[in-house]
Every structure is written in C-alpha cells, then in structure tokens.
Amino acid sequence: MNSKPNDQESAQQLELATVDVGTGPVILFVHGFPLDHTMWQHQIDDLASDFRVVAPDLPGFGLSQPISEPVSLSDYADSLALLLDQLEIDQPVVFCGLSMGGYIGWQFLRRYREKVAALVASDTRSAADDEKTARGRRVMASQVRTAGSASIAADMVKKLCSDHTAAESPQTIEQLIEVISQTDSDSIAAAQLAMAERPDATPWLSEIDIPTLFVVGEDDVITPPAEMQKMADVVANSQIVQLEHAGHMAPLESPAAFNTALRNFLNSTLAEAP
Ligand code: MLT
C-alpha cells in the first residue's frame, strides 16, 4: 500500500493533509520535526490491516497549508483534536508521537484526555529546552528564513539517524533530506520557536493514567535511552523498548522491530480495555 493524504477524505475538507486508511481501533501517528507523515510509511503499510491508521501532516508540514504566524505546541494539539472531530472519530485513540510529535502528545493529553486510550512516545522527552538549546532554535529559525530549508537538511539528518542507517540505508537519509528541503521555511521557523517556548512536561508524567509505551533507538543522540528510561520510571502503567540499529528515527530505521513492539503493546492494551 502506498497511501496518499486524504485517501478516505471525508465529505468535509480537512484542514490537515491526512492519510486515513484501515478500520478498527484508531492509531493517530504524529510526526517529528521538520518532517511529515511519510516517516510513518512502514507503520501505515503494516498496521492498516488491523487498525484505522490516521497520519496527518501537522500545520505547515508536508501537504498541509504553510503557516507564518507564531504557534505554540498546544495549537498543534488543537489542530489534531479538530482533525479527529472532522473525521468523526469519537472513540479514544492510540496517540503515537515521535519527538516533536511526543511534545505535542503531552499537550494533547492535558487538553483532550478523554480522546486518548493509550500513548506511544517514541524518541522524545518531557523536559523543556535549556537556554543554549532554545537559543540554537532561534538561530536556526532565522537561518532557515534567509537561506531556505535545504540549508539545514543535511546537518539535521546526520543527527536524526544512526551510523548503521547511514551505512546500510542511504535511501532513508536521502528521503529525509528531501522531505526537509521541501518543507516550507516559515513553518520550520514557527515550529522551532514553538519548541523553544514549550513548558516542562515532566511534572505531568506522574499524572498519566493510560497504558504507555516508550520506544527509543539505542543510538538516539537527541533523546537518548537513559533520558527516556527516566520518563518510563515515572509513568505508572508504562513499558520501554529499546531498538537496535536505530537512532532518533526508530520507526523508520528499525520498522520491523518497532511494529512488533507496537503490535504487542496494542494487543495487550486493547485486550485489557473494558
Ligand atoms: C524531532 O525529531 O521532532 C526533533 O528532534 C525535536 C526537537 O528538535 O527537539
């Protein structure tokens, strides 16, 4: 299956370009920065046989409309809640976010707890930026606006993927560089500034009362396994899986292992559901 956004577009025009395929319990896949839904293609292809897979492009990314106004991560969460309403999904979903998608997940849970049955947090963190990181984001926001998205793509992708992926799957590296280069530069800047301003979600972790799966690539240098383990230690009903041969883009770099971990989690979680 090679799904395109809006394969099952509802009568209403969606605000976000969205892949919506399959039937069954809903998994909402929320991509990382500065990417789009195609980072989930292996999950879409595998899981749509048993689940309804909803994979939007966040505002400003992929085929969704560019944004130039300032945004916050809670704005992105609101746009996902609106999407679920537009798709007439009223059952709680499995929220599966990678990195920035995970940051948005903390906001989504705070604002729309009733819409979430379970959480999958891949290669992400709860902590806010320190001052140096926030400053780096402001510098990149300004660079991307003047020099364009392609100017940041290659350096960024070096940090996203493991050495193993770079050696064994150069097409993955090329795919990511292509996606970033095609992304609207104002929207990249807006997202960077939103992440620089995000609150520390760590105090919220102990309040999470739904089944939670943490997944991390063993070679993730952006959100390393030790940091994710600390989050898993705090979330009561959680488990953590570490994937070999993967960096920050675990679902893309190690798709078979990621999908197995996700299916095992979903099978046990959905079996427990009342
Ligand atoms: C991502 O993958 O979404 C980014 O690494 C998030 C970030 O820049 O903190």
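A: By class, the shell around the ligand is made of five nonpolar residues, three polar ones and one charged one. The residues in question are Gly32, Phe33, Ser99, Met100, Tyr103, Arg137, Met195, Ile222 and His248. The model is a predicted one, and every distance, area and volume below is computed from it.

A polar backbone atom of phenylalanine 33 is 2.7 Å from an oxygen atom of the ligand. In tyrosine 103, a polar side-chain atom lies 2.5 Å from an oxygen atom of the ligand. For arginine 137, an N or O atom in the side chain is 2.7 Å from an oxygen atom of the ligand. As for cover, the ligand on its own has 270 Å² of accessible area, and the protein covers 91% of it.

Two residues of this shell also have backbone features to look at. Most residues other than glycine have a negative phi, and most peptide bonds are trans. Serine 99, however, has a positive phi, near 55 degrees. Serine 99 is placed in the loop between strand 4 (93-98) and helix 3. Phenylalanine 33 is joined to proline 34 by a cis peptide bond, with omega at about -10 degrees. Proline 34 belongs to the loop between strand 2 (26-30) and helix 1 (41-47).

Next comes the space itself. The ligand takes up the space of the largest pocket, which holds about 690 Å³. Its lining has 32 residues, and those nearest the centre of the pocket are Arg137, Met156, Lys159, Gln192 and Ile222. Two or more residues of the lining come from each of helix 3 (100-111), helix 4 (131-147), helix 5 (150-160) and helix 8 (185-196). Divided by class, the lining of the largest pocket has 17 nonpolar, eight polar and seven charged residues.

Tyr103 leads on to another space. A search of the whole structure finds one cavity of 30 Å³ or more, and the volume of the largest cavity is about 50 Å³. Tyr103 lines this cavity together with Leu73, Trp106, Gln107, Ser126, Arg198, Pro199, Ala201 and Trp204. Helix 3 gives the most to the lining of the cavity, namely three residues. The classes in the cavity lining are six nonpolar, two polar and one charged.

Definitions and conventions
Residues are numbered from 1 along each chain as its sequence is written. This is a predicted model: local features need pLDDT of at least 70, side-chain atom pairs count only at pLDDT 80 or more; totals for chains, interfaces and linings use all residues. Side-chain values use heavy atoms; hydrogens and water are left out. A residue is near a molecule or strand if one of its heavy atoms lies within 4 Å of it. A polar contact is a pair of N or O atoms within 3.5 Å; within protein, one must be able to donate a hydrogen and the other to accept it, and residues adjacent in sequence count only if both atoms are side-chain atoms. Accessible areas come from the Shrake-Rupley method with a 1.4 Å probe; for residues, only the protein chains shown count as cover. On a 1 Å grid over the protein atoms alone, a cavity is a set of points where a 1.4 Å probe fits but cannot get out, and a pocket is an open set with protein on both sides within 12 Å along at least five of seven lines; lining residues have an atom within 4 Å of a point. A molecule sits in a cavity or pocket if more than half of its atoms lie within 2 Å of its grid points. Ala, Val, Leu, Ile, Met, Phe, Trp, Tyr, Cys and Pro count as nonpolar, Asp, Glu, Lys and Arg as charged, and the others, Gly among them, as polar. Grid points are joined across faces, edges and corners, and a volume is the space filled by probe spheres set on the points. Helices (H or I, at least four residues) and strands (E, at least two) are DSSP runs, numbered from the N terminus.
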